[in-house]
Amino acid sequence: MASVILCSDKDPQWLEERRKRVTASDMLCFLDMQPQWWSTNWDEILKHKRQGTQREMDLEGTVNVAHGRETEALNLRLTSQLLGFPVVQHNFMYVNDRWPNIGATLDGLLWPSRGVGPDLDLTTHVGLTAELVERLEALPGHRALMVESKNARHPDPYGSKRKKGEPYTWGEGWPDYHRPQVQTGMWVAGFDRCILSARLGGRDMACHLIEREPGWAEVLDDANEKAGEVLR
C-alpha cells in the first residue's frame, strides 16, 4: 500500500483530480454521517463531480476559498504556538494505490521532534492542552503528524443540548462527524496520527490527538468500490 502526493491545491490540476474521486471531506456525506445542519449530501456531491461544477472550490473567483486559506494559515500558526511544535501548511492531495477512487488533501504537518515550547496561552482547555503536549513529547520524533484545522464557532446542534450561540466545549471530546475526514486522510496519506485543531472563537481553542483506526481500511475498501461504480 503506497501513498503518493499528486498535486497541490494551488495547481489547476487539483480540481480536476478532485472531481475524479471521493475525497476525505466528501466521506462524511458518502457514509451518510452528515449532521442536521450540513447542507450537502452525496447525491449533490456526485452531481457536481459529474458535471464538473463545484463553485465552492473555484480557486480564482470564490471569496470563501480565499478567506478559508487565510483562516487556515492562521489556525495552523496558532496550533503551533499553542502546542510548541512546528506546524506548516501542506495543502497537497494524496492518493493511495489501494484506494484509487479516493483522495485526501491535507491542511498541515506537525513535527513532534522539534518542540520549542508553547508561547501562546490561548485556550481555556488548559488541562487538555498540557496532556496533549506530554503525549506529543513522548512520540517518536521521526514521523510527522497530519494536522486537520477546523473553525467551530457555531453551536453544535448534532445531539447537543447547548443553547443557541454557545460554542463547542471540545474539552470532553470532538464531534464525531469529523471522524470520516480525519480517518480517511490518515489512511490515504499514510499517517498514524492526526492533530484535530479547532479554533472556537475568542480565546478558546482546542486540539486533540487522534490515532488511526485499523478498521477504517475496510470502510475505505467498500467506499472505493462504490465510488468506482459511479465516478469512472
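**Strand β4**

I started with β4 (92-96) in this predicted model. Four of the five residues of β4 are buried, so the rest of the structure largely encloses this strand. Buried here means under 20% relative accessible area, with exposed over 50% and partly exposed in between (1.4 Å probe, protein chains only). Strands (E, at least two residues) and helices (H or I, at least four) are DSSP runs, numbered from the N terminus.

A note on conventions: residues are numbered from 1 along each chain as its sequence is written, and side-chain values use heavy atoms, with hydrogens and water left out. As the model is predicted, local features need pLDDT of at least 70 and side-chain atom pairs count only at pLDDT 80 or more, while totals for chains, interfaces and linings use all residues.

**The sheet around β4**

Next I looked up the strand order: an open sheet of four strands reads β1-β4-β5-β2, with mixed pairing. Its edge strands are β1 (3-8) and β2 (22-23), each pairing on one side only. Two strands pair if DSSP finds at least two bridges between them.

I then went through the neighbours. β1 and β4 are antiparallel over five bridges, and isoleucine 5 has tyrosine 94 in β4 as its bridge partner. β4 and β5 are also antiparallel, over four bridges; asparagine 96 stands opposite tryptophan 99 in β5, and a hairpin of two residues joins β4 to β5. β2 runs parallel to β5 (residues 99-105), joined by two bridges, and I found threonine 23 opposite glycine 103 there.

I also checked what lies across these strands. Helix α1 (residues 12-19) lies across β1, β2, β4 and β5, at about 125° to β1. That angle is taken between N-to-C directions on a scale from 0 to 180 degrees, with axes fitted to C-alpha atoms, for helices over the stretch in contact.

My last stop was threonine 79, in helix α4 (residues 63-83). Threonine 79 is buried, with a relative accessible area of 0%. Leaving aside residues up to four places away in sequence, threonine 79 touches Val87, Ile195, Ser197, Met205 and Cys207, where contact means heavy atoms within 4.5 Å. Its side chain also makes a polar contact with the side chain of serine 197, at 2.5 Å.

Strand β8 (residues 193-201) runs antiparallel to β9, with eight bridges between them, and alanine 198 stands opposite alanine 206 in β9. Strand β9 (residues 204-211) is mostly covered, with seven of its eight residues buried.

For the polar contact, I used a pair of N or O atoms within 3.5 Å; within protein, one must be able to donate a hydrogen and the other to accept it, and residues adjacent in sequence count only if both atoms are side-chain atoms.
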